[in-house]
Amino acid sequence: MGKNFLVILLMVVIGFAAFPAWSSNPNLPPDKLVEKTVQEVVGIMQKDEDLKSGNKEKLLNLIETKILPHFNFVRMTQLAMAQHWQAATPKQQKVLVDEFRTLLVRTYYNALTTYYNETIKVNPLSDLGDRNEATVRSVVIQKNGKQPVPIDYSMEKKPNGWKVYDVTVAGVSLVTNYRGSFNSQVRKNGIDGLIKTLSDKNKSLENK
């Protein structure tokens, strides 16, 4: 995973950390939700010295309480597993979703402290009509002459509002990126082997 994927966590947080604002108006269009949250989350990060200094406990708590309940990890895991999802038992599917969610959080939580001060622009969407899926396009404007990073959110409308099920950074899909490694693990060691790999990785990241 490269630097671009560190940006993903920032954008995930930006998209979900201000849950109270999102949940209060589930009919808010997805681009407006993201734009509104950008301002709120950047404000939170800039004012909290513990978060800025990388306080792990506080960052993880922010993610656990504000982000994860509003991210469609089931669909993310289904897409990452591709054809292997149907071969998994319900118990295996649940474990896979839990381990994948934990892996993403433990791998990228510290990116918040790296990117909270960047400028993020969200492009407005045209009228969605009755559509239940949309792609919200945004760009991170980096300092020091670095290239802007385009970030797209694949979102779906649920009864309790819009949720992200994939994030594409500079043309690379998070789901597609993991699909390759998941497929390789399943072919080599089966679904239980993939679960063990994810679990072992999460344990190794727990104390870092």
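Analyst: In this predicted model, two helices, H7 (90-108) and H9 (174-206), each supply at least two residues of the lining of the largest pocket. H9 gives the largest share of that lining, eight residues. The lining has eleven residues in total, and those nearest the pocket centre are Leu-103, Tyr-178, Ser-181, Thr-197 and Leu-198. Sorted by class, six lining residues are nonpolar, four are polar and one is charged. The volume of the pocket is about 180 Å³.

Tyr-178 leads on to the nonpolar packing. Besides lying among the lining residues nearest the pocket centre, Tyr-178 belongs to the largest nonpolar core, where Tyr-178, Met-76, Met-81, Leu-96 and Phe-182 touch the most other members. This core holds 39 residues. Two or more of its residues come from each of the helices H3 (30-47), H6 (73-81), H7 and H9, and from each of the strands E1 (119-122), E2 (133-141), E3 (149-158) and E4 (161-169). H9 again provides the largest share, here ten residues.

Met-81 shows some of these contacts in detail. Leaving aside residues up to four places away in sequence, Met-81 touches Leu-96, Phe-182, Val-186, Ile-191 and Leu-194. Of these partners, Leu-96 and Phe-182 are also listed with Met-81 among the core residues that touch the most other members.

A separate core lies apart from the largest one and has seven residues, including Met-45, Leu-51, Val-105 and Tyr-109.

How values were computed. Residues are numbered from 1 along each chain as its sequence is written. This is a predicted model: local features need pLDDT of at least 70, side-chain atom pairs count only at pLDDT 80 or more; totals for chains, interfaces and linings use all residues. Side-chain values use heavy atoms; hydrogens and water are left out. On a 1 Å grid over the protein atoms alone, a cavity is a set of points where a 1.4 Å probe fits but cannot get out, and a pocket is an open set with protein on both sides within 12 Å along at least five of seven lines; lining residues have an atom within 4 Å of a point. Grid points are joined across faces, edges and corners, and a volume is the space filled by probe spheres set on the points. Helices (H or I, at least four residues) and strands (E, at least two) are DSSP runs, numbered from the N terminus. Ala, Val, Leu, Ile, Met, Phe, Trp, Tyr, Cys and Pro count as nonpolar, Asp, Glu, Lys and Arg as charged, and the others, Gly among them, as polar. A nonpolar core is a set of buried Ala, Val, Leu, Ile, Met, Phe, Trp, Tyr and Cys residues joined through side-chain atoms within 4.5 Å. Buried means under 20% relative accessible area, exposed over 50%, partly exposed in between (1.4 Å probe, protein chains only). Contact means heavy atoms within 4.5 Å.
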